[in-house]
Structure formats: C-alpha cells, structure tokens
Amino acid sequence: MQAEITLRVDGRSRTFTVDTRTTLLDALRDRLGVTGPKRGCDHGLCGSCTVLLAGRRATTFLTFAVANSSAPIVTAEGLTGDGLPHPLQRSFVDHDGYECGFCTPGQICSAVGMLDELRAGWLSAVTPDVAEPAEPSDAEIRERMSGHPCRCGAYVNIVAAVRDDR
Ligand code: FES
C-alpha cells in the first residue's frame, strides 16, 4: 500500500509517496538523500540511526515514515546553524570524539537530546540523589549514552566531548 507523506526534515518540508512499510530511516536515506542517520545493526539497537524527532532522540529504524508526517525531524546535518557547527559538533572535533565517524551523527543527536533530558530533570539509573537535579557527570553521560556502541571504541573522548558541551 502506498501513501503520500510530508516529512519536515532539518527545517525543509518534502512531500512524496512511500510504501507504508518504509522505515523512517529508509525514507530519509533512500528517498530524501539525508545520510547522517546510519544503517548500523538493522534492528534499532546500536543508535547509529538516531535523530531528534519532535525534540526527542529516536531511532529511525524503529518507526515508520508514515507515522511521522507532522513531527519536526532534526538530523546531525540540521544541527548546524548559520553555517556554524552546533556546540556539541565542535566539542566532538575538539576532543577527537570519533575515529571512523560512522556512529558520530547518531552519537551527537543523542547527546543533544540526552542533555535536554538531563536539564529537564529526568533521572537515570546512576543519579545519586533523586531529590536533586542530576549533573552531567561522566557516570551520567556513560549511562545515558549507553545505547550507542562505538565500533572504534572512542568512548573516553566521546564522554569528554559531551561533558565539555558549550
Ligand atoms: S567512531 Fe567509528 S564507530 Fe564510533
């Protein structure tokens, strides 16, 4: 079955027809040419396909394109503003928070969403005192980014990059 949808990706609306079984990841990559979200594990487990969907981090392999016709989607490419990198993108560069770069767009989108969750007072399994706002400690960053394996093992620098967000 086919359906016409409009996706709002990185501030631009695109209308096209898709098979209703098309994942959001396939629609972004194969139909719109937005290649920041990566096809990693093909199960939505490794986080490489992460974008910000209505402001929340989401794995695009685990949702259908037709289900997201009205939600604003921000990919790693869309985080830049006025030609300048997002502070987290700059921090990943400054701290060498990558090696091959395959996981990096998902890591950065997830870090942006994770820091928003942290600032909003969301708790994690390692938050030391549930009565106090969590700080972006190394333990909090590791816990909240734990769904993002890095095949190159750049974890030390990824944590430093997220901690030094500015
Ligand atoms: S930088 Fe290579 S997989 Fe993370």
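# Cores, helices, loops and spaces

Trainee: How many residues does the largest nonpolar core have?
Mentor: Those with the most contacts inside it are Leu79, Leu88, Phe92, Met114, Ile141, Ile158 and Val162, and the largest nonpolar core has 22 residues. Such a core is a set of buried Ala, Val, Leu, Ile, Met, Phe, Trp, Tyr and Cys residues joined through side-chain atoms within 4.5 Å. Buried means under 20% relative accessible area, exposed over 50%, partly exposed in between (1.4 Å probe, protein chains only). The total asked for is 22 residues.

Trainee: Which element gives the most to this core?
Mentor: Helix 2, helix 3 and helix 5 each give two or more residues to this core. Helices (H or I, at least four residues) and strands (E, at least two) are DSSP runs, numbered from the N terminus. With seven residues, the top contributor is helix 3.

Trainee: What pLDDT must side-chain atom pairs have to count?
Mentor: Residues are numbered from 1 along each chain as its sequence is written, and side-chain values use heavy atoms, with hydrogens and water left out. This is a predicted model: local features need pLDDT of at least 70, totals for chains, interfaces and linings use all residues, and side-chain atom pairs count only at pLDDT 80 or more.

Trainee: Which residues does Val162 contact?
Mentor: Contact means heavy atoms within 4.5 Å. Neighbours within four places in sequence are left aside, and the partners of Val162 are Leu88, Phe92, Ala111, Met114, Leu115 and Ile141.

Trainee: Within what arc do the buried residues of helix 2 fall?
Mentor: Helix 2 covers residues 87-94, and its buried residues are Leu88, Gln89, Ser91 and Phe92. The arc is that of the directions from the helix axis to the C-beta atoms. Down the axis of helix 2, these residues line one face, because they fall within an arc of 160°.

Trainee: Which strands do the buried residues of helix 1 pack against?
Mentor: Helix 1 spans residues 24-31, with Leu24, Leu25, Ala27 and Leu28 buried. Gly33 follows helix 1 and has a positive phi, near 70°. The packing partners of the buried residues of helix 1 are strand 1, strand 2, strand 3 and strand 5.

Trainee: Is Val9 buried or exposed?
Mentor: Val9 sits in strand 1. Beyond neighbours within four places in sequence, Val9 contacts Leu28, Leu32, Val34, Ile73 and Thr75. The C-alpha atoms of Val9 and Leu28 are 8.4 Å apart, across 19 residues of chain. The relative accessible area of Val9 is 6%, so Val9 is buried.

Trainee: Where is Asp10?
Mentor: Asp10 is partly exposed, because its relative accessibility is 29%. Phi of Asp10 is positive, near 50°. Most residues other than glycine have a negative phi. Asp10 lies in the loop between strand 1 (2-9) and strand 2 (12-19).

Trainee: What is phi of Ala54?
Mentor: Ala54 lies in the loop between strand 3 (50-53) and strand 4. Its phi is positive in a residue other than glycine, near 50°.

Trainee: Is Leu62 buried or exposed?
Mentor: Leu62 is in the loop between strand 4 and strand 5 (72-74). Not counting residues up to four places away in sequence, Leu62 touches His43 and Gly44. The C-alpha atoms of Leu62 and Gly44 are separated by 5.7 Å. The relative accessibility of Leu62 is 55%, so Leu62 counts as exposed.

Trainee: What is the volume of the largest cavity?
Mentor: On a 1 Å grid over the protein atoms alone, a cavity is a set of points where a 1.4 Å probe fits but cannot get out, and a pocket is an open set with protein on both sides within 12 Å along at least five of seven lines; lining residues have an atom within 4 Å of a point. Grid points are joined across faces, edges and corners, and a volume is the space filled by probe spheres set on the points. The largest cavity is lined by 14 residues, with Gly40, Cys41, Asp42, Gly44 and Cys49 nearest its centre. Its volume is about 50 Å³.

Trainee: Which strand gives the largest share of the lining of the largest pocket?
Mentor: The largest pocket holds about 160 Å³ of space. Its lining includes Arg57, Ala58, Thr59 and His148. The largest share, three residues, comes from strand 4 (residues 56-59).
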